[in-house]
Amino acid sequence: MIPLSHYLILGGIIFSLGVFGALTRRNAIAILMSIELMLNGVNLNFIAFARYLPQTMLQGQVFAIFVITVAAAEAVVGLAIVLGLYRNFKTVNVDEINLMKW
Amino acid sequence: MMTFASLVERFYAAMAAWGIPWIVPTLIVMVIVVSVVLAYISVAAMFMIWWERKISAHIQVRYGPMRVGGWHGWAQSIADGIKLLLKEDLIPAGADKVVFVLAPMVVFGATVAAYVTIPWAPGLIVRDLNIGILYMVSISSLVVVGIIMAGWSSNNKYATLGALRSAAQAVSYEVPLVLSLLGPVMIAGTMSMGKLVEAQSGRWFGVLPGWFVFPQIVAFLIYFTCALAECNRLPFDIPEAESELVAGFHVEYSGMRFAMFFLAEYANMFVVSAIATTVFLGGWHGPWIPLPGLPREVAHGLFGLVWFQVKCYFLIFVMMWLRWTLARLRVDQLMAFAWKVLLPISFANLIVTGLVLVLGKQALLYVGGIAILLLAAILLAARPAARTVRVGERT
Amino acid sequence: MLKLIWLVPTLPLVGVVINGIFGRWVRERAHLLAVGTTGLSFLIALGIFLQVLTGRTLNWDVYSWVPVGDFHATVGFQVDPLSAVMMLVVTFVGFLIHVYSIGYMHGDPGYARFFTYMNLFMGSMLILVLANNYLFMFLGWEGVGLCSYLLIGFWYQKQSASDAGKKAFVVNRIGDAGFLLGVFLIWRTFGSLHYAEIFPQVAELHEILAQPSIFGLSLVTWMTLLLFTGAVGKSAQLPLYVWLPDAMEGPTPVSALIHAATMVTAGVYMVARSSALFDAAPVSMTVVATVGALTAVFAATIALVQNDIKRVVAYSTISQLGYMFLGAGVGAYASAIFHLATHAFFKALLFLGSGSVIHGLGGEQDIRKMGGLRKHMPITAYTFLLAALANAGIFPLAGFWSKDQILHAAIASGHVWLWALGAAGAFGTAFYMFRLYFVTFEGESRVDPHVAHHIHESPRVMAVPLMILAIFALGAGLFGTSPEHSPYYTFVNPVFRAAGEGAGHQGPSEFTMALVSVAIAAAGIALAYQMYLRRRELADRMAERFRGGYTLLLNKYWVDEIYNAVFVDFGKWLCHRLWLVDAKGVDGAVNGTSWLTVLASHLSARFDFRGVDGLVNAIADLIQGGSQAFKRLQTGVIQNYLLAMAMGIFVIVSLYFFF
Amino acid sequence: MTLKLGIFYFLAAFTVWAAAVVVLGKNIVRAAVALIFGFCGMAALYVLLDAEFLAAVQVLIYVGGITILLLFAIMLTSRIGATTARVVNDQVILSAMAAVGLLVGLIYASTSGIPAMSGPPRLPETTPFLGRALLTTYALPFEAVSVLLLAAMVGAIILARKE
């Protein structure tokens, strides 16, 4: 049996990588991809707990399904926004899109 | 019966008895399975290519390949294959090399992976996953990724356009496809391919074979339509429309890589036909004759294998037939058809199926009543729309 | 079969969804679905009723609707004789009125909208009737209130119609607030909202319930009084009845269905349903009976002199509802529900007949411009006559039995003055019903000559429901000829545990009572005949003679004006006073102050420009310089914010772990 | 080291490598392709955790849906030769510190705070269980999520169409 902490640490690594990507990538689509990575890290934790917790309730898996659904919705809206940005600014680099700047 | 699984079990047991670690027989079995599948795919695809050429020729009242190999040019595909293998493998200068090389592998790999859960005959299935049908559908969706990779990495506008169209088409048609498969899954109460086939062993009203195509005829038609689109077959071959896109996403590919695309396409045709056969047409079920000298199970298995192939190839034949019968759709028509026609119908089918399953025999009363009400409402609602169009009237 | 109960309210709601969404396309065919669903619902209700007749009941929680902590309300249905009778009456009368509406609403631009609302009403009413707990009942309660509002204001282009809708809504709100408070109190006390869990507890919790609480009234009295407030609002009793006459602005089928046959009787149903609670609260019972009897007389007197055909019927409805509450208040719940059912038939018939007259006369509602209509519209006239007889309580029509039983119960319980009020109301009822009938259908025609030549009998789709209802107005009473032995009472009585016990047999015999009732009714009819058919001038002479009383009644005791004066104008007056105080006193003070301020500021300005400005500018420069530095923080680049967030999370998590 | 543990380490390394390419890669398309591999590795891990249904859903939705959309957006917004000079912004060091800090915290939490658990015996099939849970206990969240999806769809259509 693989210890639970292995999965948790793996989820943590992937989540942290996602955080790093979301914080540093200039391309908006890359940021979206990083966010998907973060969600995946979380999902891994959910499913690991669903497997290792003593009751056979599978709440973890149910929540993972919800996370996947929300991720899909987020990707759709996010990409629509990215396309809108590209139409208006001709770029998808978020640090060049700074109309809100002082 | 000596099912495939029991055979493998026996092999493992024998290996374990000799003290060989578990990993070795696993690897051996894996290699054997993959080789068999690959061999089957190559042979079947070559046969299909030759068959398609002959069918198209006969539909157009000509002969098709007649020279290579003697009888009706049966070796034509082999010759073509050898040619493709020997050709120079070009990678365009502006292409993204890694992605370009990876693309055909992804497409081919995804197609091959789908063969794992095809139930060839009773007990003859590589791995009867309990989520078999979902596995097949999700694995097949990988093909689109490969196509997009191919189209984009070619750095060719026709290829990119073809890939974009293909992705849009595949993503759209995947939705009604999955929904149409849910009807039989709900009836059978399982997603395992083997159990789906077993669930069709009875008879409807004692006469018709217990195939799901009868109660789920709507779902079957939707599935078949979507399958055509998934395989990029006419009338849904927009991604590779020769007359407008040269050849679509694989225009820059040649030689071995092109052959992989080509093989994958025909292999994919077989996969969708196999799913249709399993889910709707009763899989390996069919009449069989007890051959003298053969145990009952073996005869059953042999006939099952034959029946499965017959049904699959019949569906493939229908696909080829359609190719030479129907005209290509326009992109907007194609998308509108998926979203506005197929999707609502498949949802309606799903709802009706669910109602019938939940309510049992009472369902006829409920469903009938509600259907009549709805039908009345729709008819009522639909009529004035036609009436109100008058010349000069502002709408 | 009983489990099909969910279909009964659901079917009309299906019609709502479809007609509501596709109304624009359905238009003139909306009735097919609306009438179809209602009819189907009626058929199922009939089937269920037959099952209930064999003694089967159902208390079925379909779905846990609001599970919050230990509070849980369900979507659940209760089928027992009481709700079965109500369900049958509602679906049957509702179905007939739907059919009638096909003819009545023909050609109306809001045809589909009308049927959508009607179906929504049917669904809500059936939920109200079939619910097995107070919260779900409240859903239906509010639903019918909403539909009432929508349908009264159906011709919203008319100012008076939309005002009437608003009035009904606001007045009902007062009652609903009481009802809701009552429900809260019930939950607080019993810890449940399910009938089946509350009523058995009443006996167990007797001490707690009987303890005097606020104002010395016991807990259960408060509970029932609050519930009764809701009933007063919904069933148009004193003093909240004012919305019902105005509700006649809606289309006539609406008046028949909602404001006569079904919705307004919801209060009676609710009181009967809560009979276990009311039985434990004698004070409330007295209140209910008194309010009912007073309303019965009060509304009857107003109806004596009204000239609008629909308003007469509307006041009659209020009066009859008063009888029902009188019955409930003296413990004769079964009789109250019986009167409810018979009243549903003949009052719906009266309304539909009025509608037929209005339809035939092209919208005329003033009875002074009618007369002699029997020759032109015989079906309407004869069915109307039957309904009027039933309403007046003539043997052996439906109204006779039920009203008589209520009056008998009143006297049997020892409340002679309640009986006296009821009997006076009965006399008035007979009089105004036949005044209405004679003036409208008999005598010489006073119809406007422009209208006269196209008076016509209503189409068959309207006439047939009239005839069916007439049969029931004639015969429905025969099911409940005696509170001991008749089929209706043996069917319904088991629901009311205490029923019959309170109604001892101290009073005069039933037979004597019946004779007295019929005599009173006959006297009323005879008087009307004398005054309005034989000697027309008598009526005017009477009006002349009792000018004061006549004006009082014609103006409906000025209740609307009093309410207007007390609640509306007083509010306005108060506001005006406050404004005056504001305008004179406060503004004067403010103006004086401002003048002073101007003077002072001129002086201080000099100081300001020199001393203060220098200081302020210095501070401003300082802040500007500082913000120049700080605005760098607000980069507009989303990832900077994200970074700040991530670091914040890191800090918080570290704090959590290491400290 | 058992075989299963070996498989886990292999998959973990593969997934982390793919995630690293996604985050650090210069070429956006290659990042997307790496993301596909990462998702597939994730799905394999789910299988290892006896969550076959979720593995299939992962492949179907992430690979078949979301990544396709991502690739779509990439194709519509960037061209093949245009490798931008800088793929990261100028807060790399701070971000790396924050990410590493988070990682340290997560690892600390994963290793110290959680007791060793072995879980219940393996379920033969999780799919019916999930279906039942979604339609009974979690019916309300399920409906809420479907409304969310509808809203997202409408929103995306409105955002993406030209005025």
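1. Glu442(C) counts as buried in this predicted model, because its relative accessibility is 15% and the limit for a buried residue is under 20%. Its salt-bridge partner is Arg374(C), and the closest N and O atoms of the two lie 2.8 Å apart. Arg374(C) is partly exposed, with a relative accessible area of 29%.

2. Over all chains, the structure holds 12 salt bridges. One joins the side chains of Arg273(C) and Asp80(C), with 2.9 Å from N to O. Arg273(C) is in helix H12 (residues 266-273) of chain C and Asp80(C) is in the loop between strand S2 (71-79) and H3 of chain C, so the bridge ties together parts that are 193 residues apart in sequence. Both Arg273(C) and Asp80(C) are buried.

3. A further salt bridge is formed by Lys166(C) with Asp163(C), where the closest N and O atoms are 3.8 Å apart. These two residues are separated by about one helical turn, because they are three residues apart in helix H6 (residues 159-190) of chain C. Lys166(C) is partly exposed at a relative accessible area of 46%, and Asp163(C) is likewise partly exposed at 35% relative accessibility. Elsewhere, a network of salt bridges links Glu142(C), Arg173(C) and Asp176(C).

4. The reader may also wish to examine the aromatic residues. A pair of aromatic rings is described by the distance of the centres and the angle of the planes. The count comes to 63 aromatic pairs over all chains. Among them is the edge-to-face pair of Tyr40(B) and Trp120(B), at 5.1 Å centre to centre and with 70° between the planes. This pair links distant parts of the chain: Tyr40(B) lies in helix H2 (residues 23-59) of chain B, and Trp120(B) lies 80 residues apart from it, in the loop between helix H4 (97-114) and helix H5 (132-140) of chain B. Tyr40(B) counts as partly exposed, at 24% relative accessibility, while Trp120(B) is buried, with a relative accessible area of 12%.

5. In chain C, the rings of Phe42(C) and Phe95(C) have planes at 5° and centres 6.3 Å apart, so this pair is stacked. Here too distant parts of the chain are linked: Phe42(C) is found in helix H2 (residues 30-53) of chain C and Phe95(C) in helix H3 (residues 81-104) of chain C, 53 residues apart. Phe42(C) is buried, with a relative accessible area of 15%; Phe95(C) is partly exposed, with a relative accessible area of 23%.

6. Ring pairs in chain B also build a cluster, whose members include Tyr40(B), Phe47(B), Trp50(B), Trp51(B) and Trp120(B). Among the other members are Trp71(B), Tyr115(B), Phe270(B) and Trp321(B).

7. Two positions deserve a look for a charge over a ring. Arg113(C) lies over the face of Phe154(C), at 4.3 Å from the ring centre. Lys403(C) lies over the face of Tyr323(C), at 5.2 Å from the ring centre.

8. Ser486(C) occupies the loop between helix H21 (460-475) and helix H22 (487-492) of chain C. It counts as buried because its relative accessibility is 4%. Leaving aside residues up to four places away in sequence, Ser486(C) touches Phe479(C), Gly480(C) and Thr481(C).

9. The size of an interface is often given as the accessible area lost when the parts come together. Between them, chain A and chain C bury about 920 Å², with 67% of this on carbon and sulfur atoms. On the side of chain A that touches chain C, the largest share, four residues, comes from helix H1 (residues 4-24) of chain A. The contact involves 13 residues from chain A and 11 residues from chain C. Zero salt bridges are found across this interface, whereas two residue pairs are in polar contact there, both at pLDDT 80 or more.

Note on methods
Residues are numbered from 1 along each chain as its sequence is written. Chains are lettered from A and ligands numbered from 1 in the order in which they are written. Side-chain values use heavy atoms; hydrogens and water are left out. Buried means under 20% relative accessible area, exposed over 50%, partly exposed in between (1.4 Å probe, protein chains only). Contact means heavy atoms within 4.5 Å. Rings of Phe, Tyr and Trp (its six-membered ring) pair if their centres lie within 6.5 Å; planes under 30 degrees apart count as stacked, over 60 as edge-to-face and the rest as tilted. A charge sits over a ring if NZ of Lys or CZ of Arg is within 6 Å of the ring centre and within 35 degrees of the ring normal. A salt bridge is a side-chain nitrogen of Lys or Arg within 4 Å of a carboxyl oxygen of Asp or Glu. Buried area is the accessible area (1.4 Å probe) that two parts lose on being put together, summed over both. A polar contact is a pair of N or O atoms within 3.5 Å; within protein, one must be able to donate a hydrogen and the other to accept it, and residues adjacent in sequence count only if both atoms are side-chain atoms.
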